[in-house]
Amino acid sequence: MDVTEAVRAVLTAGEPHVKVRMAREAARAWRQGRIVHRFAVDLPTRPVRSSRPELLPPNRMPKRGRIGSDANRIAMIHALAHIEFVAIDLAFDMAARFGAHFPPAFVDDWMRVGADEAMHFALLDRRLRGLGSGYGALPAHDGLWQAAEETAHDALARLAVVPMVLEARGLDITPATIERFQAVGDVPTTRILTRILADEERHVAAGTKWFRIGCESAGLSPAETWRELVSRHFRGALKPPFNDSARERAGLTRDFYSVGCH
């Protein structure tokens, strides 16, 4: 089996529990040397999705209230679970779509990231079930995969937007989300989000590392190239506050984002 075959099995698994299983199996098989560093199979332009959750445009999503009530807490955890679910596909697609342009260590990193995202999703889904709900019980927005479609042609653009904007945004907002769950005494969710935050820092670091490597091999300035690509391919503005310390630890220094992109 080659990398694209293994990743295609993840992307075409629509049912959440099957996708998690396929993600774990692909990451394990790569780690054990049972997948060759070859890219011979076409990838789908969009992952397969099950009938639940109902996917809505972001502007049609119901507004979430404060997480003091069980219903609002479930809605927040469901939204986080959906982000992690889509992140599984984003990581594995990164490994297969662009792995041929980089050394095998690139696939190492994104297989590991994909396995992390599968674990995050499984933890949040289990938490939802513990609260009497589950992933798919509420609608979710369909905007996250747009970043993948917009950058499918360009490895540097994908690295610039997905790990270095979308995941970096997680570094900015997750600490405040953790505090909100702490404030209502939700210890299990707090623990899950604390684990996710630590992993997200590693994911941003992987994206930043490979972005720098790609820029340097092409003779490009990383910070200037990042600002140009984000301005061209990211739909939205980069909004403070920024978690400068976490971003710095991940290698995403302020010279990238302090100048602004828009």
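A cavity here is a set of grid points where a 1.4 Å probe fits but cannot get out. The model is predicted. By this rule, two cavities of 30 Å³ or more turn up.

## Enclosed and open space

Rolling a probe the size of a water molecule over the atoms shows where empty space is left.

| Space | Volume | Lining by class |
|---|---|---|
| Largest cavity | about 60 Å³ | five nonpolar, two polar, three charged |
| Second largest cavity | about 40 Å³ | five nonpolar, two polar, two charged |
| Second largest pocket | about 220 Å³ | five nonpolar, two polar, five charged |

Which residues line the largest cavity? They are R46, P47, R49, L55, H82, V86, H141, D142, L144 and W145.

Which helix gives the largest share of the pocket lining? Helix 4 does, with five residues. Helix 2 (16-31) and helix 4 each supply at least two.

## The nonpolar core

In soluble globular proteins, nonpolar side chains tend to be buried together. In this model, the largest nonpolar core holds 75 residues. I88, W110, M111, F211 and W226 have the most contacts inside this core. Helix 3 (residues 70-98) provides the largest share, 15 residues.

What does I88 touch, beyond residues up to four places away in sequence? Its contacts are V10, K19, V20, A23, G114, E117, A118 and F121.

## Aromatic pairs

The structure has nine aromatic pairs. One of them joins F106 and W210: the ring centres are 5.5 Å apart and the planes stand at 75°, so the pair is edge-to-face. F106 sits in helix 4 (residues 104-130) and W210 in helix 7 (residues 187-217), so this pair ties together parts that are 104 residues apart in sequence. Are F106 and W210 buried or exposed? Both are buried.

W226 and F256 form another edge-to-face pair, with 5.9 Å centre to centre and 80° between the planes. This pair also links distant parts of the chain. W226 is in helix 8 (residues 222-233) and F256 in helix 10 (residues 254-257), 30 residues apart. Both W226 and F256 are buried. W226 is also among the residues with the most contacts inside the largest nonpolar core.

One aromatic cluster brings together F102, F106, W110 and W210. W110 is another of the residues with the most contacts in the core.

## Loop residues

T151 lies in the loop between helix 5 (146-150) and helix 6 (155-183). Why does T151 count as buried? Its relative accessibility is 0%, and buried means under 20%. T151 touches F98, A157, R158, V161 and H233, with residues up to four places away in sequence not counted.

V36 is placed in the loop between helix 2 and strand 1 (55-56). At 38% relative accessibility, V36 counts as partly exposed, because that class lies between the 20% and 50% limits. V36 and D2 are 34 residues apart in sequence, yet their C-alpha atoms are 4.8 Å apart in space. Leaving aside neighbours within four places in sequence, V36 is in contact with M1, D2, V3 and W30.

Most residues other than glycine have a negative phi, and most peptide bonds are trans.

R52 and P53 are joined by a cis peptide bond, with omega about 5°. P53 is in the loop between helix 2 and strand 1. P241 lies in the loop between helix 8 and helix 9 (244-249).

Definitions and conventions:
Residues numbered from 1 in each chain as written. Predicted model: local features only at pLDDT ≥ 70, side-chain atom pairs only at ≥ 80, totals over all residues. Heavy atoms only, no water. 1 Å grid on protein atoms, 1.4 Å probe; cavity = no way out; pocket = protein on both sides within 12 Å on 5 of 7 lines; lining within 4 Å. Points joined across faces, edges and corners; volume = space filled by probe spheres on them. Nonpolar A, V, L, I, M, F, W, Y, C, P; charged D, E, K, R; others polar. Core = buried A, V, L, I, M, F, W, Y, C linked by side-chain atoms within 4.5 Å. Buried < 20%, exposed > 50% of the residue type's maximum accessible area, 1.4 Å probe, protein only. Helix = DSSP H or I, 4+ residues; strand = E, 2+ residues; numbered from the N terminus. Contact = heavy atoms within 4.5 Å. Phe/Tyr/Trp six-rings, centres within 6.5 Å; stacked < 30°, edge-to-face > 60°.
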